[in-house]
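The following account leads the reader through one protein structure, step by step. Please keep the sequence and the three-dimensional view at hand while reading.

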Amino acid sequence: MLAPFLAGLIILVIVPATGSLAVAFFDYSPLRPTEFTPAGFTQFELLREDPLFWTALGNSLLYTGLSVPLRMVGILAMALFLERRRRGIGAFRAAAYMPTIIPDVAYAIAWLWLVNPLFGPINQILHALHLPEQTWLIDTAGARGIVVGMSVWQIGEGIVIMLAALRDVPQDLYDVSVMDGAGFWTRLRTLVLPLIAPTFLLLLFRTTVVSLQDNFAPSYLVTQGNPYYATYFLPLKIYTDAFQNFHFSYGAAMIWVMYAVTAFIVFMQYITTRRWSEAAYD
């Protein structure tokens, strides 16, 4: 039953990643496809001297540091709200999941229209209310906030997984805690969070990986890395060097640096949260 997934993983992820690692140690360009000149660690040494690379890396880390906590809090809060059975809850669950299935390009264009400073509906509403109009796309902090906000809206998949984890919490334990007089926050801290810890940590690791590697569409279509390179992230830097400037080996080296940074952050998260996860099984 795992064969289709494993086949897709090998063909679409492992083989291309291995190929990009090999390309990183050569000086290869599609403009001269028959030439593979060994370059050793030259591409990685060039990264060290590239100020735009360090800017893109810093922006990616800042984006991850802002978006991951907000996404995790949003996933948990929405799952707790949607877990209760009430009339019309199915419509609310569908609405929460809807942004996840919208293609990234369409999603980015919709946000570009919403926050457009000239004819966007947000500014039109502010103007009608005689309030100061926003200039988010030309302001450094505002542009970063827009990109982070876009990521927070796409948490539907995490909500579904968290709902499944909440359903596994035994109802008997809820009833006993209520009889003992435990309030909502006490139940959440002492009962719910320890029992859903493995799922929560799995979502944390996944969200971190996605945040570091899947922010190309908003930075390219909405802000184009601006203003002043404030939203110039590593995926956009890789695309620019590899597919616009045709420096494939340089782009491949950046990909593996991004992989290494992602693995290091996830490993540190695992080390710092391992006790909490292990306590859930005790």
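Leaving aside neighbours within four places in sequence, F216 is in contact with P235, L236 and Y239, where contact means heavy atoms within 4.5 Å. The structure is a predicted model, in which local features need pLDDT of at least 70 and side-chain atom pairs count only at pLDDT 80 or more, while totals for chains, interfaces and linings use all residues. Residues are numbered from 1 along each chain as its sequence is written, and side-chain values use heavy atoms, with hydrogens and water left out.

F216 lies in helix α12. Helices (H or I, at least four residues) and strands (E, at least two) are DSSP runs, numbered from the N terminus. At 27% relative accessibility, F216 counts as partly exposed; buried means under 20% relative accessible area, exposed over 50%, and partly exposed in between (1.4 Å probe, protein chains only). F216 and T231 are 15 residues apart in sequence, and their C-alpha atoms are 9.9 Å apart in space.

F216 also belongs to a group of rings. Ring pairs link F216, Y220, Y239, F243 and F248 into a cluster. Rings of Phe, Tyr and Trp (its six-membered ring) pair if their centres lie within 6.5 Å; planes under 30 degrees apart count as stacked, over 60 as edge-to-face and the rest as tilted. A search of the whole structure finds 15 aromatic pairs. Y220 is partly exposed, with a relative accessible area of 31%, and Y239 counts as partly exposed at 24%.

The loop between α12 and α13 deserves attention for its backbone. Most residues other than glycine have a negative phi, and most peptide bonds are trans. The peptide bond from N226 to P227, however, is cis, with omega near -5 degrees, and P227 lies in the loop between α12 and α13. Y229 is found in that loop as well; it is not a glycine, yet it has a positive phi of about 60 degrees. Y229 is partly exposed, its relative accessible area being 42%. In the loop between α13 and α14, F246 likewise has a positive phi of about 60 degrees although it is not a glycine. The relative accessible area of F246 is 33%, and F246 is therefore partly exposed.

T262 is found in helix α14 (residues 248-279) and counts as buried because its relative accessibility is 5%. Not counting residues up to four places away in sequence, T262 touches V209, L212 and Q213. Q269 also has its place in helix α14 and, at 16% relative accessibility, counts as buried.

Which residues of helix α5 are buried? In this helix (residues 104-114), they are Y107, A108 and W111. Seen down the axis of α5, these buried residues fall within an arc of 95 degrees, so they line one face of the helix; the arc is that of the directions from the helix axis to the C-beta atoms. An α-helix has 3.6 residues a turn, so residues three or four places apart point the same way. What covers the buried residues of α5 includes α4 (89-101), α7 and α12 (216-223).

The largest cavity is lined by N59, L62, Y63, L66, R144, V148, A230 and F233. The elements that give two or more residues to this lining are α3 (51-83) and α7 (140-153), and α3 gives the most, with 4 residues.

Finally, the chain may be viewed as a whole. Its secondary structure comes to 14 helices and 2 strands. The C-alpha atoms fill a box of roughly 75 × 55 × 35 Å, taken along the principal axes. Of the 282 residues of the protein chain, 38% count as buried.

Technical notes: 1 Å grid on protein atoms, 1.4 Å probe; cavity = no way out; pocket = protein on both sides within 12 Å on 5 of 7 lines; lining within 4 Å.
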